[in-house]
Amino acid sequence: PNRCSSLLGIGLNLCLKCTTMGKMQSENPRDSRVIRPQPGLCVKTFTLPDKRKVFVNICQSAAVPPPPPLSREALVELLESEDPTGYRVPMSIGEAHTEVDNNSQGCTAYDVVISEDFFQKCQKDPLFQQFLIAVSLEGLENKYNLELSRDWKVLKNRKFLGSVNEQNIRTKSKPVIQEIEPKDTHTAPEPAKRPEFCLLVEPPVGDPEFLIAEIQLPGVASSLSLVLDLGEDRLVLNARPSLFHLDCFIPFFIDQEGSVAQYNTNTQILTVTMPVVSS
């Protein structure tokens, strides 16, 4: 039996690719790189309720950072804890591609790339492998609004369905605010302040459709000095030079590409509207 069959109900947070949002700043090509992952294992499952066949190619690459160290004992404690959302597995999830299975039937395949070291660790322990499959399925569900069956099967004689596709992953960006030696060594620069902000849910009752962040930025004259990054469950804002810094987690999974940011220079309030894809 799958020991991790109930993992997807616990809402594990996944560290997926973050995208710079809004028209304030376009993504710098130098902050990303193209990788060709190595095959790992292929998992067969199907969508619910229509039972369309889906294959998940779990790949490996040294370019993807590993998650924090985790022993088998710690994994067991994590799965049995009431709040296992603190452990994150960095992964890159590719777009769907159409393939043909062994019965010459059309099917859908997805590529999930994780750290090479973490993949090798999961190969040595069945519990870690089941955990890896569970978080990969949850990552696909959150990103593409799917519902996947937990009655999955690892293919024994196939590590990958289709051809290995290149993926564009984001590298670790340089800090927006760099420390510069001041001319007057006796005057230290003031640290960036955490701005006042509030999060609003629309509609206020029922299933949330949008999450709206209103961030007060007194003294910021233009959006040109703002750098906003949105992850699937995280918002990071910097106002240069060292005026404000905000790093907060979002209580919902959001659609990064569909999010919009607007700055009102009169009220000096930044409004970020984020469609909710999963609670």
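Helices here are DSSP runs of type H or I with at least four residues, strands are E runs of at least two, and both are numbered from the N terminus. Leaving out residues up to four places away in sequence, Gln129 touches Leu41, Cys122, Gln123 and Val154, where contact means heavy atoms within 4.5 Å. Gln129 and Phe118 are 11 residues apart along the chain, and their C-alpha atoms are separated by 9.9 Å.

Before going further, a word on what you are looking at. This is a predicted model, in which local features need pLDDT of at least 70 and side-chain atom pairs count only at pLDDT 80 or more, while totals for chains, interfaces and linings use all residues. Residues are numbered from 1 along each chain as its sequence is written, and side-chain values use heavy atoms, with hydrogens and water left out.

Now step back to the whole protein. It holds three helices and 19 strands. Of its 279 residues, 42% count as buried; buried means under 20% relative accessible area, exposed means over 50%, and partly exposed is in between, using a 1.4 Å probe and protein chains only. Among contacts with a separation of 6 or more, 65% come from residues 24 or more positions apart.

Back to helix H3 and its partner, helix H2. Their axes come within 5 Å and cross at roughly 125 degrees. These axes are lines fitted to C-alpha atoms, for helices over the stretch in contact, and the angles run from 0 to 180 degrees between N-to-C directions. On the H2 side, Phe118, Phe119, Lys121, Cys122, Gln123 and Lys124 take part in the meeting, and from H3 come Pro126, Phe128, Gln129, Phe131 and Leu132.

Further along helix H3 you reach Ser136. With a relative accessible area of 1%, Ser136 is buried. Its side chain reaches the backbone oxygen of Leu132 at 2.8 Å, a polar contact (a pair of N or O atoms within 3.5 Å; within protein, one must be able to donate a hydrogen and the other to accept it, and residues adjacent in sequence count only if both atoms are side-chain atoms). Setting aside neighbours within four places in sequence, Ser136 is in contact with Ile58, Met91 and Val112. Glu141 also belongs to helix H3, which spans residues 126–144. Glu141 counts as buried because its relative accessibility is 14%, and its side chain reaches the backbone nitrogen of Leu148 at 2.8 Å.

What does the largest nonpolar core look like, and which residues have the most contacts inside it? It has 29 residues, and Val56, Ile58, Phe118 and Phe131 are those with the most contacts. A nonpolar core is a set of buried Ala, Val, Leu, Ile, Met, Phe, Trp, Tyr and Cys residues joined through side-chain atoms within 4.5 Å. At least two residues each are supplied by strand S4 (38–46), strand S5 (53–61), H1, strand S9 (106–115), helix H2 (116–124) and H3. H3 gives the most, with eight residues. Take Val56 as an example: beyond its neighbours within four places in sequence, it is in contact with Leu41, Cys42, Val43, Tyr110, Val112, Leu137 and Leu140. Apart from this core lies another, of 23 residues, including Ile215, Val220, Leu246 and Ala261.

Finally, let us turn to charged pairs. The whole structure has seven salt bridges, each a side-chain nitrogen of Lys or Arg within 4 Å of a carboxyl oxygen of Asp or Glu. One of them joins Arg52 and Asp50, with the closest N and O atoms 2.7 Å apart. Arg52 is partly exposed at 42% relative accessibility, and Asp50 is partly exposed with a relative accessible area of 42%. Another joins Arg88 and Asp233, with the closest N and O atoms 3.4 Å apart. Arg88 lies in the loop between helix H1 (72–80) and strand S6 (89–90), and Asp233 in the loop between strand S14 (226–230) and strand S15 (234–239), so this pair ties together parts 145 residues apart in sequence. Asp233 is buried, with a relative accessible area of 8%.
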